[in-house]
Amino acid sequence: MAEVIVNNQLLLKVLDAIKTKVSDLHYNNWFKNTSWSLENEKRVLICVDSKFVRDWISENYLDVIKFELFKISGVEHEVLFKIQPNTATTHQPKFTTGNPAPSLPVKKKEENPVLRVATGLNPRYSFDNFVVGNSNQFAHAGSLAVASNPAKNYNPFFIYGGVGLGKTHLLNAIGLEILKNKPNAKILLVTGEQFTNEVVNAIRYQKTFELRQKYRVDCDALLIDDIQFIAGKERTMEEFFHTFNALYESRKQIVLTSDLLPKDIPNLEERLRSRFSWGLLADIQIPELETRMAILEKKAEEDKIPLSKEVSHLIASNIKTNIRDLEGCLVRASALASLKNSTITTELASDVLKKVVGNFGPTLTIEAIQQMVANHFQLKISDLKSARRHKNLSHPRQIAMYLCKKHIKSSYPEIGQKFGGKDHTTVIHAFQKIEGTLSLDPSLKDNVDHLEKLIVQNI
Ligand code: ADP
Ligand code: MG
């Protein structure tokens, strides 16, 4: 595989040997983009692009590497690592190869449908069909590490990011991969909302013993999706706190997803906030165009939908912030095409896009909202972007941030960036403040209503 750079034959042989011992998925994920050199007869240097990759390789493969070096050369080698985050390859989007990866679980999963249903796992969301790009590379690598070595290095593992960016998909993939390696593992995947409901019911019907048995004892890995849901719910947070401690102490893996970092989740108990940050935090960002296209193409391939590059580009460049919408558009376009007995042409895709993207289409930008708000309050855009905190400026600025978040669904950091490089926490604060005072402050509500009418008219 050309992605691994080696400077001599010995190392090439060692890598070949490793390749036979590792699944394609792991090989591509951990060894691609590494660079190996023989420093002298007894020393090998492996350059990797993060501490994370270094830790993973040295935890899991150092012995194999040394053994193979010895077997092939007859000499014991010292193996050193060097982290070079700025190697050219780091910035290449990495795509999973999409080959069928025979070592992966398809068959095994089918054998055990009951277990699958019981665990709450969805067999459709696996590592096989997760496309890796810069935006999700770290979360993906963390997920693989956790799935291969549950509760070893990263506990809890906390994935955060905006809506429709693949958090649930990765969470599921972790569960499936653990099951693949340990088919009898008891894995629980629930949403924060389900967990809350279970706590409420347990209290109501005096079943807390059963609840504790289920989550604290009969569970090898607990995967909770959208954990932010439990924030502000005292009994649920309390129950989760003890569940967390019990699992953590008995070395069971905990994986959580959320739309925000622990420190930004409102009304979350401090002790949970700190525990959520004990392990590894990994974010998923909005994917760049190439990754969006790759996801679309992968999806089309899976569903056997013929998709031209042109159409893929058209859809991916118009739907930017949510992969679920991206897929929705493809599915609609394909349905329409089969109704019309045609392929997905660019005209047909444009029609669907108009409907899917609706009012909040590509013409609605952060800049357009800034302009509307600036006009409305008779300010300049530069006032909105400035750091000045006078209420005459900060109030419209917060409204503008709120409208951007609500109508464009950009990420908090992206909005902060466009408001003169402000921190994402400033945007979160603005959003929460406006949302929280809308119903209490009629003049604010008038302003926001008026601006929202303008938004709808202007697009
Ligand atoms: P979230 O939980 O972050 O809101 P999901 O995991 O539900 O998002 O993802 C939304 C949809 O997008 C799902 O159908 C998922 O399979 C798909 N998706 C997201 N990211 C990827 C990816 N990198 N590769 C393939 N499909 C993806
Ligand atoms: Mg989700």
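**Entry 1: Arg273**

I began with Arg273, which is buried, with a relative accessible area of 16%. By that word I mean under 20% relative accessible area; exposed is over 50% and partly exposed is in between, using a 1.4 Å probe and protein chains only. Please note that I am reading a predicted model, where local features need pLDDT of at least 70, side-chain atom pairs count only at pLDDT 80 or more, and totals for chains, interfaces and linings use all residues. Residues are numbered from 1 along each chain as its sequence is written, chains are lettered from A and ligands numbered from 1 in the order in which they are written, and side-chain values use heavy atoms, with hydrogens and water left out.

Arg273 sits in helix H11, residues 270-276. Helices (H or I, at least four residues) and strands (E, at least two) are DSSP runs, numbered from the N terminus.

What does the side chain of Arg273 reach? I found one of its polar atoms 2.8 Å from the backbone oxygen of Pro262. That is a polar contact, a pair of N or O atoms within 3.5 Å; within protein, one must be able to donate a hydrogen and the other to accept it, and residues adjacent in sequence count only if both atoms are side-chain atoms.

I also listed what Arg273 touches, leaving aside neighbours within four places in sequence: Pro262, Lys263, Asp264, Ile265, Asn267 and Leu268. Contact here means heavy atoms within 4.5 Å.

**Entry 2: Phe276 and its rings**

Next I looked up Phe276. Not counting residues up to four places away in sequence, Phe276 touches Pro156, Phe158, Ile227, Phe240, Phe244, Leu256, Pro262, Leu268 and Leu281.

How many aromatic pairs does the whole structure hold? My search found 12. Rings of Phe, Tyr and Trp (its six-membered ring) pair if their centres lie within 6.5 Å; planes under 30 degrees apart count as stacked, over 60 as edge-to-face and the rest as tilted.

The rings of Phe158 and Phe276 have centres 5.8 Å apart and planes at 35°, so I noted this pair as tilted. The pair links distant parts of the chain, with Phe158 in strand S5 and Phe276 in helix H11, 118 residues apart. Both Phe158 and Phe276 are buried. I then followed ring pairs through a cluster of Phe158, Phe195, Tyr215, Phe240, Phe244, Tyr248, Phe276 and Trp278.

**Entry 3: The cores**

Which residues have the most contacts inside the largest nonpolar core? They are Phe240, Phe276 and Leu403, in a core of 55 residues. A nonpolar core is a set of buried Ala, Val, Leu, Ile, Met, Phe, Trp, Tyr and Cys residues joined through side-chain atoms within 4.5 Å. Helix H18 (residues 391-408) gives the largest share of this core, eight residues. Apart from it I found another core, of 53 residues, including Leu15 and Leu280. In soluble globular proteins, nonpolar side chains tend to be buried together.

**Entry 4: Loops worth a stop**

I stopped at a cis peptide bond between Asn155 and Pro156, with omega about -5°. Pro156 lies in the loop between helix H6 (137-148) and strand S5 (157-161).

Ala151 is in the loop between H6 and S5 too. Its phi is positive, near 60°, in a residue other than glycine.

I placed Lys304 in the loop between helix H12 (289-302) and helix H13 (309-318).

Are these two residues buried or exposed? Ala151 counts as buried at 8% relative accessibility, whereas Lys304 is exposed, with a relative accessible area of 71%.

**Entry 5: Ligand 1**

I counted 17 residues around ligand 1, the closest being Val131, Gly164, Thr168, His169 and Glu327. A residue is listed here if one of its heavy atoms lies within 4 Å of the ligand.

A polar side-chain atom of His169 is 2.7 Å from an oxygen atom of ligand 1, and I read 2.7 Å for a polar side-chain atom of Glu327 as well. Leu165 uses a polar backbone atom, 3.1 Å from an oxygen atom of the ligand.

**Entry 6: The whole protein**

Last, I noted 21 helices and nine strands. Of the 459 residues, 48% count as buried.
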